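Hello,

Here is the structure I promised to pass on to you. Please have a look at it first, and then read my notes on how its parts pack together.

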Amino acid sequence: MQIWVDADACPNAIKEILFRAAQRRQIVVTLIANRPLNTPPSMYIRSVRVAGGFDVADNFIVDRTQPGDLAVTADIPLAAAVVGKGGYALNPRGEFYSENNIAGRLAVRNLMEELRSSGEEIRGPARLGHGDRQEFANALDRFLTQQSL
């Protein structure tokens with residue numbers, strides 16, 4: 001199992017949690033972005049810079065995801081593709097996407113996108129707070145513990 005990170009939009013606080021988990025659990029964490037990333041030196045932490053463009057990083061992750069891998073992303077279509085390949089998807093707020101909830105999440109996302117494109121002013125999600133970071137860390141830890149049993 002390895003962890004793929006949609007790193008362009010991933011908050012630094014979440015990356016730090018992932019870096020610590022990679023070292024502690026000795027699990028490969030690969031960050032995918034279309035810009036250079038700073039990562040600590042570690043045999044468990046990698047970064048891949050992909051070309052800029054629509055869904056290039058997402059496609060890279062989906063193409064390489066194996067059943068049982070984890071993707072960290074707030075991108076719901078990417079999460080849906082990972083779940084469809086037998087992987088797991090966790091957003092930076094600590095919520096897992098699954099076969100049971102991904103269709104509903106996609107529907108809400110598409111509705112919001114449609115409303116925005118029609119001129120509706122819809123606010124995005126609130127800033128990531130301390131509680132969100134803690135929820136992510138807890139969800140990641142529970143997941144990794146469960147996978148190692």
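**Helix packing and cores**

Helix 1 and helix 5 run roughly parallel to each other, because their axes cross at roughly 25° and angles under 35 degrees count as roughly parallel. Please keep in mind that this is a predicted model.

The axes of helix 1 (residues 12-25) and helix 5 (residues 130-148) come within 10 Å, and the crossing is right-handed. On the helix 1 side, the contact is made by Ala-13, Ile-14, Ile-17, Leu-18, Ala-21, Arg-24 and Arg-25. Helix 5 meets them with Arg-133, Phe-136, Ala-137, Leu-140, Asp-141, Leu-144, Thr-145 and Ser-148. Sorted by class, the residues of this contact are nine nonpolar, two polar and four charged.

Some of these names come back in the largest nonpolar core, which has 25 residues. Which of its members touch the most others? They are Ile-3, Val-5, Leu-18, Leu-31, Val-72, Phe-136 and Leu-140. Strand 1, helix 1, strand 2, strand 4 and helix 5 each give two or more residues to this core, and helix 1 provides the largest share, with six residues.

Ile-3 is worth a click in your viewer. Leaving aside residues up to four places away in sequence, Ile-3 touches Leu-18, Ile-27, Val-28, Val-29, Thr-30, Leu-70, Val-72, Leu-140 and Leu-144. Another core, of 10 residues, lies apart from the largest one; Trp-4, Ile-32, Ala-57 and Val-82 are among its members.

Now to helix 2 (residues 56-64), where Ala-57, Asp-58, Phe-60, Ile-61 and Val-62 are buried. What do these buried residues pack against? Their partners are strand 1 (3-6), strand 2 (29-33), strand 3 (45-49), strand 4 (70-72) and helix 3 (76-84).

With helix 3, the axis of helix 2 comes within 9 Å and crosses at roughly 10°, so these two helices are also roughly parallel to each other. Asp-58, Ile-61 and Val-62 from helix 2 meet Leu-78, Ala-81 and Val-82 from helix 3. This contact has five nonpolar residues, no polar ones and one charged.

I hope this helps you find your way around.

Best wishes

Notes
Residues are numbered from 1 along each chain as its sequence is written. This is a predicted model: local features need pLDDT of at least 70, side-chain atom pairs count only at pLDDT 80 or more; totals for chains, interfaces and linings use all residues. Side-chain values use heavy atoms; hydrogens and water are left out. Axes are lines fitted to C-alpha atoms, for helices over the stretch in contact, and angles run from 0 to 180 degrees between N-to-C directions. Helices (H or I, at least four residues) and strands (E, at least two) are DSSP runs, numbered from the N terminus. Angles under 35 degrees count as roughly parallel, over 145 as roughly antiparallel, 65 to 115 as roughly perpendicular and the rest as oblique. A crossing is left-handed if the near helix is turned anticlockwise from the far one by less than a right angle, and right-handed if clockwise. Contact means heavy atoms within 4.5 Å. Ala, Val, Leu, Ile, Met, Phe, Trp, Tyr, Cys and Pro count as nonpolar, Asp, Glu, Lys and Arg as charged, and the others, Gly among them, as polar. Buried means under 20% relative accessible area, exposed over 50%, partly exposed in between (1.4 Å probe, protein chains only). A nonpolar core is a set of buried Ala, Val, Leu, Ile, Met, Phe, Trp, Tyr and Cys residues joined through side-chain atoms within 4.5 Å.
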